[in-house]
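Dear colleague,

Please find the structure below.

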Amino acid sequence: MGVFEYRQATEVRDAFAKHEVAYLFIGKAGAVLLGFPDTTQDVDVFVQKSEQNGLRLVAALLQLGFALTDKQQLEIRQGRDFVQLNNGPFDLDLLFGPDGIERFEDAWSRREEVEGFMVCSIDDIIASKKSANRAKDRESLPRLEAFRTYLQTRGRNRTEKDV
Amino acid sequence: METSETRAWYAEFEAASKRSLETRLKYAFIKTYKPVLDDEPYRSFASTAEYRAWCEENLPDWLGYGRV
């Protein structure tokens, strides 16, 4: 299994768009898309839990080259809360019920779009990591919170320049 | 409160903002073998709590997947 590359990221974006999958990048991968400079091994995608979205997601994953058995396709369609895929061109974690976020629709209303990638807001990424409360999350939180402050400050500076 | 560490981070964030998305992704994603976690082609869990409990029971502590 190779490292996740820009080309693969665009293939995910394009396949999910083609099949109209309701999704959001989350975790550090999401933060990286927002501009956070750091390293990660995990590609985490928050997916809306519904039968129709599950069907669309399976179609997109098959197009991307994930080797899914009938049973696995059924589980993804049913929306088990956490699915770890190591059976494709890159590793991918599907989260249907991430910690710290009540409903997909709420996160969707707060989303950022970066060059066609749908991404959780930095507030939701931080809330999810805080709620998960793992050792690796604790380590990354101070820097992520500083990044949020940076984004807010940069936004203010831009607004002041625009006035 | 701004410290020398956060000032250094802000400088990194500003530098990163000038890089293309392609460049940012190129240096962000890494791949190293994660014992146990990488040993199965597929796993699924009915709930996130079940997944967290599995991580704590099955993964080495140093991977950092255990709750604090």
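Two strands are said to pair if DSSP finds at least two bridges between them; helices (H or I, at least four residues) and strands (E, at least two) are DSSP runs, numbered from the N terminus. This is a predicted model, in which local features need pLDDT of at least 70 and side-chain atom pairs count only at pLDDT 80 or more, while totals for chains, interfaces and linings use all residues. Residues are numbered from 1 along each chain as its sequence is written, and chains are lettered from A and ligands numbered from 1 in the order in which they are written.

Between the chains, S3(A) pairs in the antiparallel sense with strand S1 (residues 42-45) of chain B over four bridges. Within S1(B), Tyr42(B) is the bridge partner of Leu85(A).

Contact (C-beta atoms, placed from the backbone, within 7 Å) links 36 residues of chain A with 33 residues of chain B. Helix H1 (6-18), helix H4 (70-78), strand S3 (82-85) and helix H7 (135-162) of chain A each give two or more residues to the side that touches chain B. The largest share, seven residues, comes from H7(A).

Elsewhere in chain A, Val47(A) is in contact with Val21(A), Tyr23(A), Asn53(A), Leu57(A), Leu94(A), Leu95(A) and Phe96(A), leaving aside neighbours within four places in sequence.

In helix H6 (residues 122-132) of chain A, the buried residues (20 or more other C-beta atoms within 10 Å of their own) include Ile122(A), Ile125(A), Ile126(A) and Lys129(A). Just after H6(A), Asn133(A) has a positive phi of about 55 degrees.

Yours sincerely

Notes: Two residues are in contact if their C-beta atoms, placed from the backbone, lie within 7 Å. A residue is buried if 20 or more other C-beta atoms lie within 10 Å of its own, exposed if 12 or fewer, and partly exposed in between; C-beta atoms are placed from the backbone.
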